[in-house]
Amino acid sequence: MEPRPRSWLRRGFEGVGLPTPVVGLALFALGCAVFGIQEVALQRFSAREPVPNLLTDVRIAITHIAIVAYLLSAMVYYEQVRDECASRLAGMIGEVDDGVGSARAPSDKWALLGASLAGLIAAAVISVTMSPVPTSYAPSTLNPENSWHRVLGLVLGLATGRLSALIILESGRFSDLARRVRKLDLLEPDALSPFVRLGMSGALLTIGSVAVYGLFLVDAGYLALVVSLLVFSLVIGGLALFLPLRGVRERIHAAKAEELSWCRERIRQARDALATGSSRGDLEELLAWEARITAVAEWPIDSSTLSRFALYLLIPLGSWAGGALVERLIDTLLD
């Protein structure tokens, strides 16, 4: 099983030679620096006539920069986790020519492209219909601040669509990979941890996107938009967690059925031997083994995994509180 091809975005991130989160923070800092240089060069804060809603527009622009930096970093990070999990499974997966190898299937490319375009269109429609302030793409309505809103709004829509499609496609692919596990040791669930890690990573990145979108909630007018994104992200996050585990559950179920079938046949043989007066030791051991195999959970997740997923759902609350602090900080610096 060869590694999946790296996207151009991932090649760019990795070409910097720094961890992906650091590159994402650097991208955010660079965007803020460019925006700040623009504002200083245009003397937006030193104009004789105060610019209406300037601080609000600045905050929204910085929020857009933060979301775009997060989404780009999330796509790269998810690809890296996917490849790491695939490499850990390499020794367990049978080699079958089913399109899961190194070349991305044409249908996947079209799915990613379609999701990206759908996200871009959705971003344009949402900005016009759900924004708490009048929004237009007409050149006459643009100013140095809201131009960033319009352009980056389209970028974040495109990136949201692509990230969602990437997570769903790869989660489904790992579900198929689970069915190709050659030999499964029912007593060592840690061997299946790459499936759990991919699912948890996809869920975390998806719910994290709600957290950065939640920065908009400093303005309560964005509540409908953020709630809609929350519902969408919960759906994608749930699919990200459980899709990779669906195939694992089927594989564990089949392995349990096979082992129990063998065990029960041996129990019948031991029972027949017992009827002839032979020792009952084998029968007791087989009954204990049957109980042990029956107790093996078919879903490779435990209470700690579900607890972590529940904690992930609290992340947006922290971002909303952080958004209020950021607004206060910006107001303090600019007053």
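I began with the side chains of E298 and K256, which meet in a salt bridge at 4.0 Å, N to O. The pair links distant parts of the chain, since E298 sits in the loop between α8 (281–294) and α9 (303–312) while K256 belongs to helix α7 (residues 223–275), 42 residues away. I took a salt bridge to be a side-chain nitrogen of Lys or Arg within 4 Å of a carboxyl oxygen of Asp or Glu. Both E298 and K256 are buried, where buried stands for under 20% relative accessible area, exposed for over 50%, and partly exposed for what lies in between, with a 1.4 Å probe and protein chains only.

I noted the source of the numbers before going further. The model is predicted, so I kept in mind that local features need pLDDT of at least 70 and that side-chain atom pairs count only at pLDDT 80 or more, whereas totals for chains, interfaces and linings use all residues. Residues are numbered from 1 along each chain as its sequence is written, and side-chain values use heavy atoms, with hydrogens and water left out.

**Overall layout**

I counted the elements next: the chain has 10 helices and 0 strands, and read along the sequence its pattern is α-α-α-α-α-α-α-α-α-α. Helices here are DSSP runs of H or I with at least four residues, strands are runs of E with at least two, and both are numbered from the N terminus. Of the 335 residues in the chain, 42% are buried.

**Further salt bridges**

I then asked how many salt bridges the rule gives in total. The count comes to 12. As background, side chains of opposite charge can pair when their charged atoms come close.

I looked up R10, which forms a salt bridge with E14, the closest N and O atoms lying 2.8 Å apart. R10 and E14 are 4 residues apart in helix α1 (residues 8–15), and therefore about one helical turn separates them.

I turned to D108, whose salt bridge with R173 has its closest N and O atoms 2.1 Å apart. D108 lies in helix α4 (residues 106–129) and R173 in helix α5 (residues 146–178), so this pair ties together parts that are 65 residues apart in sequence. D108 is buried at 7% relative accessibility, and R173 is buried with a relative accessible area of 10%.

I also checked how these pairs connect, and found that R10, E14, E79, R82, D83, D108, E170 and R173 are linked in a network of salt bridges.

I compared the span of α3 (residues 54–89) with expectation: at 1.5 Å a residue its 36 residues should span 52 Å, and its end C-alpha atoms are 53 Å apart, which agrees. The expected span is 1.5 Å times one less than the number of residues in the helix. Helix α3 is mostly covered, with 27 of its 36 residues buried.

I took the axes of α3 and α5, which come within 9 Å and cross at roughly 20°. That makes α3 roughly parallel to α5, given that angles under 35 degrees count as roughly parallel, over 145 as roughly antiparallel, 65 to 115 as roughly perpendicular and the rest as oblique. These axes are lines fitted to C-alpha atoms, for helices over the stretch in contact, and the angles run from 0 to 180 degrees between N-to-C directions.

I repeated the span check on helix α6 (residues 193–213), whose 21 residues reach 30 Å from first C-alpha to last, close to the 30 Å expected at 1.5 Å a residue. Of the 21 residues of α6, 18 are buried, so this helix is largely enclosed by the rest of the structure.

**Distant pairs**

L54, in helix α3, is buried with a relative accessible area of 9%, and L54 and N146 are 9.8 Å apart in space at 92 residues in sequence. D176, in helix α5, is partly exposed at 37%, and its C-alpha atom is separated by 9.8 Å from that of L245, 69 residues apart along the chain. P189, in the loop between α5 and α6, counts as exposed at 52% relative accessibility, and P189 and V296 are 9.2 Å apart, C-alpha to C-alpha, at 107 residues in sequence.
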